[in-house]
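Please walk me through this protein chain in plain terms.

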Amino acid sequence: MFGRRRQLGDAGEKAAEAFLRRRGYVVVERNFRCPLGEIDLIALDRGTLVFVEVKTRGSGAFGTPAEGIGRQKRERLRRAAETWIGRKRLHDRPARFDVVEVYWQADRARCELIANAFETGGF
């Protein structure tokens, strides 16, 4: 089960990255990890830093992908983003969190963007 979920997640991240590139995002980092959390994709959208959480579902049985991002996950994303910004010394850049929902249907990915999906916590 875990292997299948990981494969689905990896495929979802690739589909989300291609989707964002078509929308004009410039992906600057993938799968950033630090002790405080992980960020799937980090991109630039017209000068704004965008920290992207990709959520993939094979069906709607467990709700929408974005519904799987709880308060604790948002906090881990915020702390990881703060770490990345600090390491890159980009405190002067505007930033936001986007979510890309990826739905697999008949071996094809359908992506939906939720821009500015939740607050940055003021960083």
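Read along the sequence, the protein chain has the pattern α-β-β-β-α-β-β, which comes to two helices and five strands. Helices (H or I, at least four residues) and strands (E, at least two) are DSSP runs, numbered from the N terminus. The model is predicted: local features need pLDDT of at least 70, side-chain atom pairs count only at pLDDT 80 or more, and totals for chains, interfaces and linings use all residues. Residues are numbered from 1 along each chain as its sequence is written, and side-chain values use heavy atoms, with hydrogens and water left out.

The five strands form an open sheet in the order 1-2-3-4-5, with mixed pairing; two strands pair if DSSP finds at least two bridges between them. Strand 1 (26-34) and strand 5 (108-118) stand at the edges with a single partner strand each, so one side of each has no neighbour in the sheet. On average, neighbouring strands of this sheet are turned by 30 degrees against each other, direction ignored. Strand 1 and strand 2 (residues 37-45) run antiparallel and are joined by seven bridges. Within this pair, Phe32 stands opposite Ile39 in strand 2.

Helix 2 (residues 71-88) lies across strand 1, strand 2, strand 3 (48-57), strand 4 (95-105) and strand 5, and runs at about 110 degrees to strand 1. Axes here are lines fitted to C-alpha atoms, for helices over the stretch in contact, and angles run from 0 to 180 degrees between N-to-C directions. Contact means heavy atoms within 4.5 Å.

Now to the interior. Buried residues (under 20% relative accessible area, 1.4 Å probe, protein chains only) make up 41% of the 123 residues in the protein chain. A nonpolar core is a set of buried Ala, Val, Leu, Ile, Met, Phe, Trp, Tyr and Cys residues joined through side-chain atoms within 4.5 Å. The largest one has 16 residues, of which Phe32, Ile39, Phe51 and Trp84 touch the most other members. Strand 1, strand 2, strand 3, helix 2 and strand 4 each give two or more residues to this core, and helix 2 supplies the largest share, five residues. Leaving aside neighbours within four places in sequence, Trp84 is in contact with Val28, Glu29, Phe32, Ile42, Leu49, Phe51 and Leu90. A second, separate core of 14 residues includes Ala16, Leu20, Ala43 and Val52.

Along its principal axes, the C-alpha trace of the protein chain spans about 45 × 30 × 20 Å.

How values were computed: Buried means under 20% relative accessible area, exposed over 50%, partly exposed in between (1.4 Å probe, protein chains only).
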